[in-house]
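This report goes through one protein model, from its overall form to single residues.

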Amino acid sequence: VATFGLSLPSGQYPAPASLDAFVSTLLARLQTEHGVASAAIAYGLPFTGNLNAITGFRRADQPEPDSASMPSASMRIVSADYFKTMRIPIRSGRLFDRRDTATAQEVVLINERTAQRYFLDTNPIGQQVLVTAELARQARNGPKTIVGIVGNVKYRGLDEETPAEIYLPYDQHQVDAFTVAVRTTADPLGMVPSLRREVAALDPLLPLANVKSLASLVDASIAGRRFTMVLFLAFAVVAATLSVIGVYSVLAYLVSQRTK
């Protein structure tokens, strides 16, 4: 999976319709590129460390709690093929599709952790949640219907607990900054020139930011722990070597003392 960031200038893309037109055209072009299996965009891609949003939300059938006890979840805004591209399984219900347009009823997907934490007493599918989006200014607040439950995903680190997450469809929440994820059938970084060419065909002045493979993002997330383990291993090797030399030296000395 190759990833890169795009930020559309507000002067050139002032309206949600212009953002939607650019994204839909870009994804269509990328998916027809030779060597591309699927392509998607995400506001909040795992392991990138940016474009992360938190939203407060509550079940519509429950009274509004005070601000201190308001449930919260990580929020992702994704295109329809995001789950296919990232290989995130659907557990129940459905994924986003063509029905989820800007004028249709607003929908949301939740992960298994959200379902286990906030919907133990009922089936989440068909339930409404009231979302108070933060950080993503184009995301719309208000009631949204849960249409599916997807698998849990590690976001910041492989050793961290999976957070409660909700997913909003990009067609209903057009953001102007996002990460593009492209699953390829060959070396993902080898596809970068082709991906850059497709972006330039739509906007030649638009730069690709943070071009990396998803594997390298995962590696970077554990780089600190890997360095610590290598350091411990180096100390262990030095200690073992000194021990072997010390034992050999003592035995050699004893043998030399007893040899006539």
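## Basis

The model is predicted: local features need pLDDT of at least 70, side-chain atom pairs count only at pLDDT 80 or more, and totals for chains, interfaces and linings use all residues. Residues are numbered from 1 along each chain as its sequence is written, and side-chain values use heavy atoms, with hydrogens and water left out.

## Overall form

The protein has six helices and 11 strands, taken as DSSP runs (helices H or I, at least four residues; strands E, at least two) and numbered from the N terminus. Its C-alpha trace spans about 100 × 50 × 30 Å along the principal axes.

Of the 260 residues, 43% count as buried, where buried means under 20% relative accessible area, exposed over 50% and partly exposed in between (1.4 Å probe, protein chains only). Among contacts (heavy atoms within 4.5 Å) between residues at least 6 apart in sequence, 77% join residues at least 24 apart.

## Largest pocket

The largest pocket holds about 380 Å³ of space. A pocket here is an open set of points on a 1 Å grid over the protein atoms alone, where a 1.4 Å probe fits, with protein on both sides within 12 Å along at least five of seven lines; lining residues have an atom within 4 Å of a point. Grid points are joined across faces, edges and corners, and the volume is the space filled by probe spheres set on the points.

The pocket is lined by 18 residues, and Leu27, Ser79, Ala80, Asp81 and Asp171 are the closest to its centre. Helix 1 (residues 16–31) gives the most to the lining, with six residues.

## Individual residues

Arg87 lies in the loop between helix 2 (82–86) and strand 5 (90–93), and Asn210 is in strand 11 (residues 209–213). Most residues other than glycine have a negative phi. Phi is positive in both of these residues, near 55° in Arg87 and near 50° in Asn210. Arg87 is exposed at 63% relative accessibility, as is Asn210 at 54%.

Gly126 is in the loop between helix 3 (112–118) and strand 7 (128–133). Beyond its neighbours within four places in sequence, Gly126 contacts Thr145 and Ile146.
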